[in-house]
Amino acid sequence: MNSNGTSDLDTTDMTLQMKKILLLACGSFNPPTPMHLRIFEIARDHFHERGTHQVIGGIISPANDSYSKPGLISSTHRCAMIKGVLQTSDWIRLSDWECKQENWTRTRISLQYHQNYANSYINDINGTVNEIVPGWLPDTIKDMTGNVQVKLLCGADLLESFAVPGLWAQEDIEAILGQHGLVVISRSGSNPEKFIFDSDLLTKYKNNITIVTNWVPNEVSSTLARRLISRHFSVKYLLDDFVIDYIKRFELYGAANQTDTLTNVKTLLNRPGQAVQIVTDTVGAHTIEHEDEVQVKKQKTSA
């Protein structure tokens, strides 16, 4: 018997009865930020706390290189950075399906592809599906029954973009909301409930829109990170260390390569009689400026 008065068997039955969902986030991830991953955790906590859905996995789906966005770097680099930061997650996976398409893929198509593919595995009673499970699917997918719904995980800014004339086709919005649903992580200062109320289309599908409040706001965006890097400011503690090292190594977003300097730090610090100044570069790497302390003192005395 659990603390809430239910047995372990009852809890298992309740879990089996929950609607299974995969959370999918689309975007450029240029570069990936901690908040790109954090929203998955916030959303999963929300559903598990309410006991309405079982989140079986999370999917990050970067946009194709043909996506017309200023400053977009190759998906090869973006996927490599995402893979690096996901090493610490046991349930969020990378899907490079969009990146491998010939052209940019609409969000609606990406949602449909991932949902159809997941359900083909679950309902493969004839054993016709390839035995190799794609990396973006949870390993336990073959042991599941029923159907999985792929929901679009996003911020309030994407929800509000539905009102931008010409940006979204109405049939795409209706398919996203009607066949999949939205999980909106609210941002500081946004009012998604009011936005839904003001839209007849969104109100029609309001039961398929889940609003989740983010009580610990983090406004560090990819745009901000690129701006700081291009202006030679540090992004240490704003981006994952793996991402910082990767950006530095491949000199992305205008970053300078500081590898040689970093490898010489220990030697410089081991030399006695030096005044050492550590300078932080664009992406948080360190360079060393040093002077002989004796000569410094002589110069100050003679001045």
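Which element gives the largest share of the lining of the largest pocket? Keep that in mind as you click around this predicted model.

**Stop 1: the pocket**

Start with the largest pocket, which holds about 1,200 Å³ of space. Select C26, G27, K69, D157 and L158: of the 44 residues in its lining, these sit closest to the centre. Now colour the elements that give two or more residues to the lining, including β1 (19-27), α2 (34-50), β5 (182-186) and α10 (222-230). The answer to the opening question is β4, with 4 residues.

**Stop 2: S61**

Next, pick S61 in strand β2 (residues 53-62); β2 is another of the elements that give two or more residues to the pocket lining. Is S61 buried or exposed? It's buried, with a relative accessible area of 0%. Show its surroundings and, leaving aside residues up to four places away in sequence, you'll find it touching L24, A25, C26, G27, F29, S95, E98, S110 and H114. Zoom in on E98 from that list: its side chain makes a polar contact with the side chain of S61, at 2.7 Å. For a distance check, select L111, which is 50 residues from S61 in sequence but 9.8 Å from it in space, C-alpha to C-alpha.

**Stop 3**

C79 is buried, at 10% relative accessible area. Then go to C154, which is in no disulfide either; the nearest cysteine sulfur, in C26, is 9.7 Å away. C154 also counts as buried, at 5% relative accessibility.

**Stop 4**

Most residues other than glycine have a negative phi, and most peptide bonds are trans. With that in mind, select N30 and P31, which are joined by a cis peptide bond with omega of about 5 degrees. P31 is in the loop between β1 and α2.

Move on to H232, in the loop between α10 and α11 (241-250). Its phi is positive, near 65 degrees, and the residue is exposed, with a relative accessible area of 57%.

Finish at Y253, in the loop between α11 and α12 (259-263). Phi is positive here too, near 55 degrees, but Y253 counts as buried, at 12% relative accessibility.

Notes: Residues are numbered from 1 along each chain as its sequence is written. This is a predicted model: local features need pLDDT of at least 70, side-chain atom pairs count only at pLDDT 80 or more; totals for chains, interfaces and linings use all residues. Side-chain values use heavy atoms; hydrogens and water are left out. Buried means under 20% relative accessible area, exposed over 50%, partly exposed in between (1.4 Å probe, protein chains only). Contact means heavy atoms within 4.5 Å. A polar contact is a pair of N or O atoms within 3.5 Å; within protein, one must be able to donate a hydrogen and the other to accept it, and residues adjacent in sequence count only if both atoms are side-chain atoms. A disulfide is a pair of cysteine sulfur atoms within 2.5 Å. On a 1 Å grid over the protein atoms alone, a cavity is a set of points where a 1.4 Å probe fits but cannot get out, and a pocket is an open set with protein on both sides within 12 Å along at least five of seven lines; lining residues have an atom within 4 Å of a point. Grid points are joined across faces, edges and corners, and a volume is the space filled by probe spheres set on the points.
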